[in-house]
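Hi,

Here is the structure we talked about. Please have a look, then read my notes below.

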2 protein chains.
Amino acid sequence: MHMEVLAMATIKDVAARAGVSLGTASRVLSGSSQTSPDSRSRVLAAAAELQYVANGPARALRRARTDVLGLLLPDIRNPFFSELAHAAEQEARRLGYTVLLANADEDRDQEAAYLRTFASQRIDGLLLAPQQGGSPELESLHASGLPLVLVDRAVRGLDAPLLSTDNAQGVAQALAWLQAGGHRDVAFVGGPAAISTGVERRDAYLAGRAAHGISTDDALVDAGDFQLGSGTDAMLRILDRGVRPTAVFGADGLMTAGAMRALRQRLGDEARAVEVVSFDDLDWFDLRSPGISAVVNDAAEIGRLGVAALADVIAGRPVASQRIATTFVDRRPAGGTA
Amino acid sequence: MHMEVLAMATIKDVAARAGVSLGTASRVLSGSSQTSPDSRSRVLAAAAELQYVANGPARALRRARTDVLGLLLPDIRNPFFSELAHAAEQEARRLGYTVLLANADEDRDQEAAYLRTFASQRIDGLLLAPQQGGSPELESLHASGLPLVLVDRAVRGLDAPLLSTDNAQGVAQALAWLQAGGHRDVAFVGGPAAISTGVERRDAYLAGRAAHGISTDDALVDAGDFQLGSGTDAMLRILDRGVRPTAVFGADGLMTAGAMRALRQRLGDEARAVEVVSFDDLDWFDLRSPGISAVVNDAAEIGRLGVAALADVIAGRPVASQRIATTFVDRRPAGGTA
């Protein structure tokens, strides 16, 4: 499939000038040892005459195995993704790869810039937790034949294996916990409507809340971008509507922390009476009193399986998409709600 | 400076075979446009005859500007470093670069593997927060002339600009806060003795404690590796010696969190009576009651200045090492210690 990338006008020109086949020109420029000294000499001379050298080596090297994987993440400051990266790297190391990371910072333009960077670097494959909707850069990279596996988030219409969380299961666990706590007025801080995890968690919550005795008043529902500050902003908007939730459910760990900050700003010490549940368990959720209950979204398992799947794609083995089960940590003090 | 790297036996052979100067051979193989078609043709033909091509492109590309920087960090799960990475990336983007990250996971072997990876990738320069003592890979990369700037941690004997925290100032701020709280029995969870930040914080603490009315009993002092679990282990060792500290000072944010976990395991609810101060302020330190006071170690500023310094090195401008000032956030409730 890389042949299509190499078979651009410039390499055709080189092959024609050197009087060799396209395959030979491609092999020479990729550093293959399966070429004769004579054809190497002619191809490289032709490349020099055509000033092909400036662009050539990068493409040529693309074909050589480098044992380096790319990992493009939405937000390196999000503990879910730094944990995923850590586990991915350990699995990669076990399989003989190193991993170069890039951080899209929940920004489509920045993601596109990094996809261009990875396209020009020497990597054997890319593990990607994408921004919304995909991009021309992503389609181009995928079409180039670079092995690609998605983690956490889907891209509509992109045919690549996806290792993701069972978001519906995780939301069902949180809903059951909210119901057991007797909550009716629950604030929900969801993720972006354009990211699959945001959509799946919100849809599962909206569809399930009534059956769990939770108010369907949409004044209690808002959304952020999965980063901390957006959770604060969303919670402030909810409080500004005059509702007084007895519990908050954040669609990721950072927005949950951000929502807690908003509660503290507006309610002071009374904020501690508002129960908090998070989709994602953060390191410090057990260090607060009361502890924060959480859907355990297994970042490490997703990272490990993602790298294993990418290694399979690189090796030409079949790979299936997979949903990873969530678990739930109930940190509600004995005796019910605070 | 790259000339020294290129001037290995193989490129000398290529130059001799092509009948050109070493400089010309170097320029051709680096893809420079300042070469004649004739010399390009001869050098590339000679390279082909000598089978130089297999190794050539990687070295050749080294000289071509890629607008990609490498950032090799000790631990991507440490919020200090993920914040540093985020700020570095924003500054890099402002200057027209993208940043590829790698995570040493506080492991020398893993760092060495990534230094080899970066040596084979197309980057314009490397920003590095090193593991202890340096390595042959680091010396080799530095000797190759790759622009290099250190952040956070020094390497003895390595002549590269360093952007680091004023560790002595930060420790002095924590000592003053401990003294104001009337603490005598303070547990200190330090960093590794082989990492400059570990040494500087420990030395400043040990030298300053007596003057601040703090016990000099070394049973109260232990150390970890800057990761969370090591803080728990160190704190458990301190408690196992039978001492009962009224306050804990952790030499980074993760070890501070780890020490809190140990206190909770051993002391249960009484753990809340132990005051906590951290070198590094984490996102959630204000969300606990009582809040955790902290030395604000300005990761974002170090990341920004590090990238700016690296851009200067790449451009051949002079760069000086710099210590970044710390500030302090006092979250002790009004009325003194808990």
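Strands here are DSSP E runs of at least two residues, and helices are H or I runs of at least four, numbered from the N terminus. E4(A) and strand E5 (residues 162-165) of chain A are parallel and share two bridges. Two strands count as paired if DSSP finds at least two bridges between them.

This is a predicted model, where local features need pLDDT of at least 70, side-chain atom pairs count only at pLDDT 80 or more, and totals for chains, interfaces and linings use all residues. Residues are numbered from 1 along each chain as its sequence is written, chains are lettered from A and ligands numbered from 1 in the order written, and side-chain values use heavy atoms, leaving out hydrogens and water.

Back to chain A. Strand E3 (residues 125-128) runs parallel to E4(A), joined by three bridges. There, A:Leu126 stands opposite A:Leu148. From E3(A) the chain passes through helix H8 (residues 136-143) to E4(A), a right-handed β-α-β crossover. Right-handed means that, with the strands pointing away from the viewer, the path from the first strand over the helix to the second runs clockwise.

In a regular strand, side chains alternate between the two faces of the sheet. Strand E4 (residues 148-151) of chain A is covered on both faces. A:Leu148 and A:Leu150 are buried on one side, A:Val149 and A:Val151 on the other. Buried means under 20% relative accessible area (1.4 Å probe, protein chains only).

Now chain B. Six strands form an open sheet with mixed pairing, in the order E7-E6-E8-E9-E10-E12. Its edge strands are E7 (221-223) and E12 (327-329) of chain B, each pairing on one side only. Strand E6 (residues 186-190) and strand E8 (residues 247-250) of chain B run parallel, with four bridges. B:Val189 has B:Gly250 in E8(B) as its bridge partner.

Finally, the interface. In chain B, 51 residues contact 50 residues of chain A; contact means heavy atoms within 4.5 Å. About 5,200 Å² is buried between the two chains, 55% of it from carbon and sulfur atoms. That area is the accessible area (1.4 Å probe) lost when the two parts are put together, summed over both. Six salt bridges cross the interface of chain B and chain A. The rule asks for a side-chain nitrogen of Lys or Arg within 4 Å of a carboxyl oxygen of Asp or Glu. B:Arg77 forms a salt bridge with A:Glu83, with the closest N and O atoms 3.2 Å apart.

Best wishes

How values were computed. Buried means under 20% relative accessible area, exposed over 50%, partly exposed in between (1.4 Å probe, protein chains only).
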